[in-house]
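Me: I would like a close look at a single part of this model, with its surroundings described in some detail.

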Amino acid sequence: MFVLELEGAETHFRLQDIKSVTTRLGRTPRRLAFTDGSIFESDDNDGIDRLLPERVGASGRLASAERFHWRLAGIVAVTLLGIVGLFTYGIPAAARFAAFATPPSVTSMIDDSTLYSLDATLAHESSLPAEDRSALRDAFGGFVSAAGLDPSDYTLQFRNIPAVGPNAFALPGGTLVVTDDLVRLMGDEGLVIAVLAHEIGHVEHRHGLRLVYRAFGLSMLVGFITGDFGDLAGTIADQASVLSVLANSRGFETEADASAARLLSAAGYDTADLARALEKLVEHCSGCGEGSFFTSHPGVPERTLAIRGLSKNLDRPKTSD
Ligand SMILES: [Zn+2]
């Protein structure tokens, strides 16, 4: 039996007469409701906790505060994981889907506008002799058909682009741009075809478009996180600038090399030519910077080794004939 003293009057009650007690929250007075309907309010929070320890336990201030912190940390962790997941898997997967869903009318428009801005900024008309260009065009057409591809899907463009040196690019719609410097450095039709086969690999896997869509998805995500879409247009414009559209990632390079090796082998070319072409580029261009073949097609030394491995496997059945 407990005694409650209120303005001199005493009320007797048992613990089980207390129907409910409000949760402790800062200095807010607690409210005890009794089975007979009466209510008792007190700001002696410690006294009430001592009186009803078993009712306080889990709902006590410390416990609930701790639970709140864990919940908050959990929410933050899940959000961070979600963002990392979106960056690593979500955006690339969505970009891949979008790239393969993009109709040819759009990709050929991208080719035209990229070529237009390339010509307006860095590129000049090719200075290669017309007969060299036409011989290479014929050889390229022959290779594409022999590799089992549709020649109308690919267009070869020659340009003199001193800013990028010996280099080649694939545009999403199948336009392949090769620089005069690359043709001169290779000095051999087979080696140029090998580089072009690699560029076809980029087109087959839609690498250029995937990079553009990734950049777009990334700036959207950053916009959602920071709530600032102000620079979105600027970021997309940056990403869509000619050189970054043409720059590939390491993973994409490996994929394009594998495609090139398969196509070269199917067309009866020596797949090791791609490794030889890369070695020539390394020899020529050890100190080349921004815009060079190495920035737009990274990972050259490891790739040369990998291609030699591929060519051993792919060429074996033919040499044993
Ligand atoms: Zn490449």
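Which residues does threonine 107 touch, not counting residues up to four places away in sequence? Please go on from there to the elements around it.

Reply: The model is a predicted one. Threonine 107 touches Thr102, Pro172, Gly173, Arg206 and Leu209, leaving out residues up to four places away in sequence. Threonine 107 belongs to helix H4, residues 104-121. Its relative accessibility is 5%, so threonine 107 counts as buried, the limit being under 20%. A polar atom of the threonine 107 side chain lies 3.0 Å from the backbone oxygen of proline 104.

The sheet beside H4 comes next. It is an open sheet of four strands in the order E6-E7-E9-E8, with mixed pairing. Strand E6 (124-125) and E8 are the edge strands, each pairing on one side only. H4 packs on this sheet and touches E7 and E9. The direction of H4 makes about 20 degrees with that of E9.

The pairings can be taken in the order of the sheet. E6 and E7 are antiparallel and share two bridges. Glutamate 125 has arginine 159 in E7 as its bridge partner. Arginine 159 also stands opposite threonine 179 in E9. Strand E7 (residues 155-160) and E9 run parallel and are joined by five bridges. On E9, strand E8 (residues 168-170) is joined by three bridges, and these two strands run antiparallel. Here alanine 168 stands opposite valine 178 in E9. E8 and E9 form a hairpin with four residues between the strands. In that hairpin glycine 174 takes a positive phi near 100 degrees.

Strand E9 (residues 175-179) has five of its five residues buried, so E9 is largely enclosed by the rest of the structure. In a regular strand, side chains alternate between the two faces of the sheet. In E9, Thr175, Val177 and Thr179 point one way, while Leu176 and Val178 point the other way. All of these residues are buried.

A further helix, H7, lies across E7, E8 and E9 and runs at about 25 degrees to E8. H7 (residues 189-204) also packs with helix H12 (residues 272-284). Two packed helices are described by the angle between their axes and the distance between the axes. For H7 and H12 the angle is about 100 degrees and the axes are 8 Å apart. H7 is therefore roughly perpendicular to H12. On the H7 side the contact is made by Gly190, Leu191, Ala194, Val195 and His198. On the H12 side it is made by Asp273, Leu274, Arg276, Ala277 and Lys280. By class, the H7 contact with H12 has five nonpolar, two polar and three charged residues.

The description can continue with helix H8 (residues 207-226), where arginine 210 lies. Arginine 210 has a relative accessible area of 7% and is therefore buried. A polar atom of the arginine 210 side chain lies 2.8 Å from the backbone oxygen of histidine 205. Apart from neighbours within four places in sequence, arginine 210 is in contact with Ala95, Arg96, Ala99, Phe100, His205, Phe252 and Glu255. The C-alpha atoms of arginine 210 and alanine 98 are separated by 7.7 Å, although the two residues are 112 residues apart along the chain.

Phe252, one of those contacts of arginine 210, is found in helix H11 (residues 250-266). Phenylalanine 252 is buried, with a relative accessible area of 4%. Leaving aside neighbours within four places in sequence, phenylalanine 252 is in contact with His202, His207, Arg210, Leu211 and Arg214. The C-alpha atoms of phenylalanine 252 and glycine 208 are separated by 9.5 Å, and these residues are 44 residues apart along the chain.

To draw this together, threonine 107 is a buried residue of helix H4, and H4 packs on the sheet by touching E7 and E9. H7 lies across E7, E8 and E9. Arginine 210 and phenylalanine 252 are in contact with each other, and arginine 210 is buried, as is phenylalanine 252.

Note on methods
Residues are numbered from 1 along each chain as its sequence is written. This is a predicted model: local features need pLDDT of at least 70, side-chain atom pairs count only at pLDDT 80 or more; totals for chains, interfaces and linings use all residues. Side-chain values use heavy atoms; hydrogens and water are left out. Axes are lines fitted to C-alpha atoms, for helices over the stretch in contact, and angles run from 0 to 180 degrees between N-to-C directions. Angles under 35 degrees count as roughly parallel, over 145 as roughly antiparallel, 65 to 115 as roughly perpendicular and the rest as oblique. Contact means heavy atoms within 4.5 Å. Ala, Val, Leu, Ile, Met, Phe, Trp, Tyr, Cys and Pro count as nonpolar, Asp, Glu, Lys and Arg as charged, and the others, Gly among them, as polar. Buried means under 20% relative accessible area, exposed over 50%, partly exposed in between (1.4 Å probe, protein chains only). A polar contact is a pair of N or O atoms within 3.5 Å; within protein, one must be able to donate a hydrogen and the other to accept it, and residues adjacent in sequence count only if both atoms are side-chain atoms. Two strands pair if DSSP finds at least two bridges between them.
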